[in-house]
Amino acid sequence: MKNYKSLLFIVFAFGITSLSAQNPIVRDQFSADPTARVFNGKVYVFPSHDIPTPAKKPGRKDWFCMEDYHVFSSTNLTDWKDHGMIVSQNKVKWVDSTSYSMWAPDCIERNGKYYFYFPANKNSTDPNGKKGFGIGVAIADQPEGPYIPQSEPIQGVNGIDPNVFIDKDGQAYLYWAQGNISVAKLKDNMIELASEPQVIDNLPQKGLKEGPFMFERNGIYYLTIPHVENNIERLEYAIGNNPMGPFKMAGVVMDESPLNCWTNHQSFVQYKGQWYLFYHQDAYSPKFDKNRSISIDSLFFNTDGSIRKVIPTYRGVGLTSATENIQLDRYSKLSKNGASIAFIDTVNTFAGWKTILKTPKAWVQYNSVDFGNKKFTSVEVKAQSVNGGIVQIRLDKVDGPLLAEISIPKGNDWSTLDTKVSKTQNGVHHLIVTLKDSPVEIDWIRFK
Ligand code: FUB
């Protein structure tokens with residue numbers, strides 16, 4: 001409830017009227033490996049940018065394929081603005097521009113400059129005769145860019161998944177992965193190491209570890225990693241009292257993906273008093289898990305500082321305005337029987353999902369719809385029903401106040417129906433849509 005109140009505060013304080021808090025948060029392109037940061041009162045997300053493998057790409061076609069980075073920002077964690085491409089493999093001198101290997105990045109602010117760290121395959125061997133992954137830095141005056149890439153990667157670092165943490169005393173640390181997780185201090189210029197790389201020990205010996213993300217809370221340093229304990233990655237964390245360790249494994253933040261995405265990749269951010277976990281799954285690409293999509297869910301700590309496990313949701317965070325298309329398929333709860341979701345278009349999955357209510361009494365619940373203080377007189381429903389069916393919309397509970405009963409005409413096409421509603425209630429409510437008789441498919445509903 002506290003969370004809803006702070007979101008209501010955001011709505012009123014910033015005059016945002018249209019919120020659509022649903023997972024995944026980027027819905028027109030693939031996105032992965034999200035690093036979220038708060039800069040100048042906004043949340044910025046720096047993800048990787050997965051693309052379907054182009055025919056011209058040499059080597060494996062069934063592998064990660066990433067040629068550039070975009071940055072996104074939001075003031076409410078629900079409406080995200082894409083600021084466009086900030087760094088491309090074609091514009092960095094040291095990167096092999098045929099490698100499509102721009103993997104998980106990070107970005108951090110220091111003295112008014114924004115340092116964007118990214119891994120990529122090098123286009124030549126280094127003085128030690130090594131090619132492989134280097135980690136580069138691109139620098140900007142604003143989080144949105146433009147970013148100017150350095151002409152060389154950071155010397156002395158081979159690996160992926162850079163993460164930078166600046167401690168309270170101003171010392172910056174670079175973490176990265178290469179089988180193990182390594183750390184080194186960074187000089188104040190943020191582009192050179194200030195200490196020898198050190199492998200962090202006491203992390204699990206067995207199973208791939210990658211994607212380090214460090215944060216500090218109440219004097220505890222949390223080193224978080226995706227780790228393959230079983231067959232695919234899950235998010236785990238270790239704690240210590242120093243950014244360089246020693247660390248002790250402390251638990252699981254998120255279990256293996258229910259969608260069976262082999263990778264996951266995390267960042268943690270506190271925004272307006274609430275902690276959030278950013279992560280990815282393969283929501284729009286269930287058959288090819290190298291085309292991923294980023295999501296957010298709320299994160300909570302126990303009083304001893306341990307992290308409560310996060311269960312990935314479709315609903316995500318925040319409020320949804322009653323006046324916008326409420327995508328019930330991003331549900332909070334579904335009845336055990338007779339309710340499911342499916343892609344609207346299995347080829348163009350970015351068209352989203354539909355909710356299928358098949359058997360009488362099947363229902364779907366969508367939480368935290370904001371009716372504000374307006375009066376609503378009707379509800380629009382985009383739906384279809386082969387035999388013609390009836391759904392009821394109720395508030396807060398399966399047997400809560402009935403807002404409307406809607407008859408979906410018989411047919412094989414989507415239609416948008418406008419039905420009168422009995423008095424809606426002000427404020428934030430959950431919606432429950434229940435089937436009365438023959439099967440119905442619903443794309444969205446919205447109040448007018
Ligand atoms: O996105 C490519 C790689 O997959 C990242 O660098 C890893 O962390 C994993 O998410």
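The model is a predicted one. Begin with its salt bridges, which number 17.

Select Asp289 and Lys290. Their side chains form a salt bridge, with the closest N and O atoms 2.7 Å apart. Both Lys290 and Asp289 are buried.

Next, select Glu441 and Lys354. These side chains meet in a salt bridge of 3.0 Å, N to O. The pair links distant parts of the chain: Glu441 lies in strand E30 (residues 440-447) and Lys354 in strand E23 (residues 353-357), 87 residues apart. Lys354 has a relative accessible area of 13%, so Lys354 counts as buried, the limit being under 20%.

Lys382 sits in strand E25 (residues 378-384), 61 residues from Asp443. Are the two partners buried or partly exposed? Asp443 is buried, at 8% relative accessibility, whereas Lys382 is partly exposed, with a relative accessible area of 24%.

Now select Glu380, Asp418, Arg446 and Lys448 together. Salt bridges with shared partners join these four residues into one network.

Finally, turn to a sheet. Select strands E5, E6, E7 and E8, which form an open sheet in that order, with antiparallel pairing. Its edge strands are E5 (106-110) and E8 (148-149), each of which pairs on one side only. Strand E6 covers residues 113-121, and five bridges join E6 to E5. To find one of them, select Arg110 and its bridge partner in E6, Lys113.

Technical notes
Residues numbered from 1 in each chain as written. Predicted model: local features only at pLDDT ≥ 70, side-chain atom pairs only at ≥ 80, totals over all residues. Heavy atoms only, no water. Pairing = 2+ DSSP bridges. Helix = DSSP H or I, 4+ residues; strand = E, 2+ residues; numbered from the N terminus. Buried < 20%, exposed > 50% of the residue type's maximum accessible area, 1.4 Å probe, protein only.
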